[in-house]
Amino acid sequence: MAISSAQSSAEINSEFNNPNIARTLFSEEQIRERIKILGAEIAADYAGLNPLLIGVLKGACFFLSDLLRAIDTRVSIEFMAISSYGSSTRTSGEVRIVKDLDVAIEGRHILVVEDIVDTGLTLSYLLANLASRGAASVKLAALLDKHERRQREVKIDYLGFQIPDEFVVGYGLDFAERYRNLPFIAVLKNPEA
Ligand code: PRP
């Protein structure tokens, strides 16, 4: 295909300037600054406790990796995978552990790290499940809170940002596995299209 001199192939293939992105909600800079504050709070609260941070795949791995580097105290990490609503924007309400922890957590201080709390179905199940394994404490760090959609109450101990009830992508959040690689958080124009 011929490429006009005004538009390079890099521009045409740019995902970060994709026409289906309505607007940026949080820039890289805003995310970085917020995470720096959360990391300092977590480091102070958990000093000497060697907490286990549990990242919930896949969306939270971006937040987890940046948050970890903002926590200046001893920590360990683990991952879990939970199946909720796959590649649709609607939740089924079904929660299933697809990948469990590799370690016992009895007596450990657990901090679950999530990208978003939406209906709360996933997190209310997961937090109760972890608490039932004899953890010393179970808390939650979530980058985004879409509180309008809540069906089950979930306490977010460390929150990045409240967001409106719009379909957001980027910085780990996907639509049908797309857009996770956006370095910022954006609103999609028409997620159902
Ligand atoms: C997202 C998010 C939570 C869950 C929250 O995961 O990471 O796990 O949905 O939704 P809820 O509050 O309505 O239960 P998703 O199922 O999109 O998987 P992913 O992280 O692999 O994208």
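Where is the place of isoleucine 21 in this chain?

Analyst: Isoleucine 21 sits in strand 1, residues 21-26 (strands are DSSP E runs of at least two residues, helices H or I runs of at least four, numbered from the N terminus). Bear in mind that this is a predicted model, where local features need pLDDT of at least 70 and side-chain atom pairs pLDDT 80 or more, while totals for chains, interfaces and linings use all residues. Residues are numbered from 1 along each chain as its sequence is written, and side-chain values use heavy atoms, leaving out hydrogens and water.

With a relative accessible area of 11%, isoleucine 21 is buried (under 20%; exposed is over 50%, partly exposed in between, using a 1.4 Å probe and protein chains only). Beyond its neighbours within four places in sequence, isoleucine 21 is in contact with Glu15, Phe16, Leu182, Ala186, Val187, Leu188 and Lys189 (contact: heavy atoms within 4.5 Å). Take leucine 188: it is 167 residues from isoleucine 21 in sequence, but their C-alpha atoms are 4.6 Å apart.

Now for some charged pairs. The model has 13 salt bridges (a side-chain nitrogen of Lys or Arg within 4 Å of a carboxyl oxygen of Asp or Glu). One joins glutamate 177 to lysine 58, with the closest N and O atoms 3.1 Å apart. Glutamate 177 is in the loop between strand 8 (168-169) and strand 9 (185-188), and lysine 58 is in the loop between strand 2 and helix 3, so this pair ties together parts 119 residues apart in sequence. Both count as partly exposed: glutamate 177 at 44%, lysine 58 at 46%.

That pair belongs to a salt-bridge network of Lys58, Asp174, Glu177 and Arg180. Within this group, arginine 180 bridges to aspartate 174, closest N and O atoms 3.6 Å apart. Here arginine 180 is buried at 14%, and aspartate 174 is buried too, at 17%.

Let's move on to helix 3, residues 61-68, whose buried residues are Phe63, Leu64 and Leu67. They cover an arc of only 100 degrees around the axis, so they lie on the same side of helix 3 (the arc takes directions from the helix axis to the C-beta atoms). Their cover includes helix 2 (28-45), strand 2 (52-57), strand 3 (76-83), strand 5 (109-117) and strand 6 (137-145).

Finally, aspartate 66 and arginine 69 meet in a salt bridge, 2.9 Å from N to O. Aspartate 66 is partly exposed at 29%, whereas arginine 69 is exposed at 64%.
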